[in-house]
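Here is a friendly walk through a two-chain model. Please have the viewer open and follow along.

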Amino acid sequence: MKKIEAIIREEKLEPVRKSLEANGYFGMTVSEVSGRGRQKGIPLQWRVGEYRVDFLPKIKIEVVVLDDDVPRTLNAITASARTGEMGDGKIFVIPVENAVRVRTGENGENAI
Amino acid sequence: MPVNPGDTAWILISSALVMLMTPGVALFYGGMVRRKNVLSTMMMSFAALGLVGLLWVLYGYSLSFGTDIGGIIGRLDYLGLRQVGQEPSPIYASTVPHLAFMIFQAMFAIITVALITGAVVERIRFGALLLFSALWLTLVYCPVAHWVWGDGGWLAKLGALDFAGGTVVHICAGISALALALVLGPRRGFCHGEPMEPNNVPMVMLGAGLLWFGWFGFNAGSALTSNGLAASAFVATNTSAAAAAFTWMVLSWMYRRPTLLGTATGAVAGLVAITPAAGFVSPLMGIPIGMGAAIICYYCMLLRMKLRIDESLDVWAVHGMGGAWGALATGIFASAAVNAAGADGLLMGNVLQLGKQAIGVMAVGAFAFAATWVLGKLVDVTVGLRVGSMEETVGLDISQHGERAYGGLLR
């Protein structure tokens with residue numbers, strides 16, 4: 001099992017959710033996060049002059065998938081989240097030791 | 001003179017309108033600070049309603065409007081509202097109950113104290129601010145109000161014009177704000193260019209809207225009668241606010257984009273500048289006065305930032321400099337045809353009036369700066385003006401008031 005953490009543009013949440021569903025993954029955790037990468041910040045205006053906002057709002061999607069499903073999940077996310085501009089985000093893949101379904105107590109791959 | 005019902009209704013309504021400006025200031029300032037200091041910033045303004053509302057009826061009114069002592073201050077003959085009753089005062093606003101005039105003036109004192117707090121947000125101790133406010137009301141506001149509006153006040157005798165408080169309220173608050181900010185020092189991180197991002201710009205606009213609304217009571221109410229002069233002041237006020245809001249919007253647009261924050265600030269600058277002039281100029285003079293206010297305050301704000309002075313919410317730039325422009329503009333655009341109690345200004349060929357206005361600006365500005373500096377230092381060495389560095393980092397909402405603006409587990 002692997003956990004996929006995808007940090008994407010806010011407006012790409014819906015396309016990514018749909019493409020994950022199309023690949024059989026309905027369960028996921030979504031949070032609003034702030035961050036920065038090569039896009040850097042953006043300038044905003046004060047009463048006069050401006051200031052820089054360094055961290056921009058992004059969406060983080062966490063989904064745990066079977067080892068075999070990792071490549072196509074990554075493809076699904078990148079294809080649906082990409083605009084080609086800086087600021088499209090990043091995906092991290094992290095090993096998962098175990099998973100438990102709280103309702104039934106099921107373990108391992110059956111729990112995801 | 002007997003009580004006039006129309007005038008009385010108008011002054012009571014105007015008093016209520018001016019009262020609403022202080023919560024307006026709270027919203028206006030509260031939206032511009034970081035989210036950890038929203039409540040403390042709003043509290044500083046709202047607390048003035050409690051503190052000054054008390055001190056004014058106890059002795060403040062008497063110091064400002066009591067029988068003159070040497071042109072400087074009023075006697076304590078109105079202490080605890082003694083002799084201030086349902087009959088008109090023989091001297092002030094002789095067609096409305098003395099109590100109505102007194103409470104109208106109370107609202108001016110309250111908002112003036114609230115205005116200063118914009119300079120010291122996010123770092124001043126609440127208790128120290130209350131102590132400073134009480135001292136400042138007594139030793140700065142009351143004398144200045146007497147000089148300008150008191151019967152026998154020295155600036156009144158000189159003939160300096162201030163229709164609704166450009167000098168008494170705005171120059172006094174704006175210059176004092178600068179002095180207090182200099183005594184207090186900058187917020188942590190200010191000098192390293194840490195962004196101090198406004199937490200809620202919609203709230204700033206709501207505050208500016210309430211200020212604009214209340215300002216009709218402030219300026220048109222200062223006619224102290226319900227007549228043509230009140231209408232003239234009303235129209236001049238709206239025209240100046242409109243001209244300044246529009247001008248600031250254009251300035252912001254020339255820089256990059258037309259911001260709501262800038263447009264709301266412009267409206268306030270225009271309202272400040274027309275305050276001393278409202279009942280002495282023809283309504284259309286609101287246009288040059290408002291445009292001038294936007295341009296002057298905009299560049300004063302840039303200058304303040306360039307000098308790296310943390311007068312945080314630009315009370316000096318908007319109220320101090322906007323008020324100074326308004327006072328001088330009164331000396332330029334005034335016309336005795338609008339108000340027989342006024343005078344002709346520079347454009348009507350009376351150079352002398354501009355000189356009188358300049359004396360008023362300089363005298364009040366210098367006194368307010370010096371007195372505030374001394375009072376600020378005094379409070380600092382006795383009880384301490386500033387919060388500790390940890391309290392400042394955590395934010396004043398929690399460290400000074402034990403509450404936070406936005407609750408809930410997830411924020």
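## About the model

This is a predicted model, in which local features need pLDDT of at least 70 and side-chain atom pairs count only at pLDDT 80 or more, while totals for chains, interfaces and linings use all residues. Residues are numbered from 1 along each chain as its sequence is written, and chains are lettered from A and ligands numbered from 1 in the order in which they are written.

## Chain A

Let us begin with chain A, whose secondary structure comes to two helices and six strands; helices (H or I, at least four residues) and strands (E, at least two) are DSSP runs, numbered from the N terminus. Read from the N terminus on, the order of elements is β-α-β-β-β-β-α-β. The radius of gyration of chain A is 17 Å, well over the 13 Å that the globule rule gives for 112 residues, so chain A is more spread out than a compact globule. Here the radius of gyration is taken over C-alpha atoms, and the globule rule is 2.2 Å times the number of residues to the power 0.38.

Along the principal axes, the C-alpha atoms of chain A fill a box of roughly 60 × 25 × 20 Å. Of the 112 residues in chain A, 16% are buried. A residue counts as buried if 20 or more other C-beta atoms lie within 10 Å of its own, exposed if 12 or fewer, and partly exposed in between, with C-beta atoms placed from the backbone.

## Helix α2 of chain A

Helix α2 of chain A covers residues 70-81, and at 1.5 Å a residue its 12 residues should span 16 Å, which agrees with end C-alpha atoms 16 Å apart. The expected span is 1.5 Å times one less than the number of residues. Which residues of α2(A) are buried? They are Thr73(A), Ala76(A), Ile77(A) and Ala81(A). Seen down the axis of α2(A), the buried residues fall within an arc of 105 degrees, so they line one face of the helix; the arc is that of the directions from the helix axis to the C-beta atoms.

That buried set packs against β1 (2-8), α1 (13-22), β5 (56-65) and β6 (89-95) of chain A. Contact here means that the C-beta atoms of two residues, placed from the backbone, lie within 7 Å. On the face of α2(A) turned away from its buried side sit the exposed residues Pro71(A), Arg72(A), Asn75(A) and Ala79(A).

## Chain B

Chain B has 14 helices and two strands. With 411 residues, a compact globule would have a radius of gyration near 22 Å, and the 20 Å of chain B agrees. The C-alpha trace of chain B spans about 60 × 50 × 35 Å along its principal axes, and buried residues make up 59% of the chain. Among the contacts in chain B with a separation of 6 or more, 75% are between residues 24 or more positions apart.

## Nonpolar cores

The largest nonpolar core has 149 residues, and those with the most contacts inside it are Cys172(B), Ala277(B) and Cys297(B). Such a core is a set of buried Ala, Val, Leu, Ile, Met, Phe, Trp, Tyr and Cys residues joined through C-beta atoms within 7 Å. Helix α3 (residues 98-116) of chain B gives the most to this core, with 15 residues. In α3(B), 18 of the 19 residues are buried, so the helix is largely enclosed by the rest of the structure.

Leaving aside residues up to four places away in sequence, Cys172(B) touches several residues, including Thr112(B), Val140(B) and Val364(B). A second, separate core of 12 residues includes Ala6(A), Val16(A), Ile77(A) and Ala81(A).

## Loop residues in chain B

Two residues in the loop between β2 (73-74) and α3 of chain B deserve a glance: Leu81(B) and Ala93(B). Phi of Leu81(B) is near 65 degrees, a positive value in a residue other than glycine, and that of Ala93(B) is near 40 degrees, also positive. Leu81(B) is partly exposed, with 16 other C-beta atoms within 10 Å, whereas Ala93(B) is buried, with 23.

Ser226(B) is found in the loop between α7 (201-220) and α8 (228-255) of chain B. Is Ser226(B) buried or exposed? Ser226(B) is buried, with 22 other C-beta atoms within 10 Å. Not counting residues up to four places away in sequence, Ser226(B) touches Gly6(B), Asp7(B) and Trp10(B).

## Where the chains meet

At the interface, 14 residues of chain B are in contact with seven residues of chain A. The elements giving two or more residues to the chain B side are α9 (260-274) and α10 (286-306) of chain B, and the largest share, four residues, comes from α10(B).
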